[in-house]
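Here is a short report on a predicted model. Please keep the sequence and the structure at hand while reading.

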Amino acid sequence: MDFSGALACAMGIFLLRDAYALASRPRAASGAAALWFAAAAGCGLLAERLSDSAAESWIRDARIWLPAAVIHVGLAIRAARLAGRGKPPSWSVLAPSPVWCFAVVWFVRQALVIWHGWTGWSAGLVFGCAYSAMAILIAFAFRARRDPRQALQLAAVSHCSALLLIPVAAVAKETVPLHGGDWRVTSAVLAGVGAILVSSFAWHRRRC
């Protein structure tokens, strides 16, 4: 398990968040898909311009990750407030978050290294297509259990869990290998994310 595994876990959490939000707001599916397409294509173009060494420097730059942490905290607070007011999920829930964008850049960069001949734009579009299709399919499966309040609560938890997936290397001076990592550190981070999700679910179940 390496840094790619941590970002894959983050994308899985965001996928469930977006799918549950779409289940509560199905008319937003086309607009959300277009937004994900555009964001993924833009992230793909950025990934294409980064070399391996530049990607390493970028992925551990505190000037990138620390503002992202602040944005995720703000999004979590907003989602929690909307849930408390009984409002439906807003576009701020469905919009790509900073960690979502970082993960797309990371995975597109990996794809460009593995599959020669691809462009960042095409790899980003493929990623956006796959993500949109999975989110809509999962939303369709959740349609009978849609609950705007729970969707917003899940969004708030997802943003809080994303904070644990911000690598320690973002504020450290040590170099993070682009194609490697410490599986013990990543496992500890994923265990922390799982603990947040389980405790949040148990807390909301006890309140209901």
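## The cysteine pair

The sulfur of C101 has its closest cysteine sulfur in C43, at 4.1 Å, which is too far for a bond. A disulfide is a pair of cysteine sulfur atoms within 2.5 Å. By this rule there are zero disulfides.

C43 counts as buried because its relative accessibility is 9%. The classes are set by relative accessible area: buried is under 20%, exposed is over 50%, and partly exposed is in between, using a 1.4 Å probe on protein chains only.

## How the model is read

This is a predicted model, in which local features need pLDDT of at least 70 and side-chain atom pairs count only at pLDDT 80 or more, while totals for chains, interfaces and linings use all residues. Residues are numbered from 1 along each chain as its sequence is written, and side-chain values use heavy atoms, with hydrogens and water left out.

## Overall make-up

The protein chain has nine helices and zero strands. From the N terminus on, its elements run α-α-α-α-α-α-α-α-α. Helices (H or I, at least four residues) and strands (E, at least two) are DSSP runs, numbered from the N terminus.

Of the 208 residues in the protein chain, 44% are buried. A contact means heavy atoms within 4.5 Å. Among contacts with a separation of 6 or more, 91% join residues 24 or more positions apart.

Two packed helices are described by the angle between their axes and the distance between the axes. Axes are lines fitted to C-alpha atoms, for helices over the stretch in contact, and angles run from 0 to 180 degrees between N-to-C directions.

Helix α2 (residues 29-49) packs against α6 at about 55°, with the axes 8 Å apart. The two are therefore oblique to each other. The angle classes are roughly parallel (under 35 degrees), roughly antiparallel (over 145), roughly perpendicular (65 to 115) and oblique (the rest). The crossing of α2 and α6 is right-handed. Right-handed means that the near helix is turned clockwise from the far one by less than a right angle; anticlockwise is left-handed.

On the α2 side, the contact includes W36, C43 and E48. On the α6 side, it includes W100, C101 and R109. By class, this contact has twelve nonpolar, one polar and two charged residues. Ala, Val, Leu, Ile, Met, Phe, Trp, Tyr, Cys and Pro count as nonpolar, Asp, Glu, Lys and Arg as charged, and the others, Gly among them, as polar.

## Helix α6 against α7

Helix α6 (residues 98-114) and helix α7 (residues 120-141) pack at about 125°, with their axes 10 Å apart. That makes α6 oblique to α7. The crossing is right-handed.

W100, V104, F107, V108 and L112 of α6 meet G120, A123, G124, F127 and Y131 of α7. By class, the contact has eight nonpolar, two polar and no charged residues.

## Two buried helix residues

R17 lies in helix α1 (residues 3-24). R17 counts as buried because its relative accessibility is 0%. Residues up to four places away aside, R17 touches V93, A95, S97, L154, A155, S158 and H159.

A83 is found in helix α4 (residues 62-85). A83 is buried, with a relative accessible area of 7%. Its C-alpha atom is 7.5 Å from that of P148, 65 residues apart along the chain. Leaving aside neighbours within four places in sequence, A83 contacts R149, L152 and Q153.
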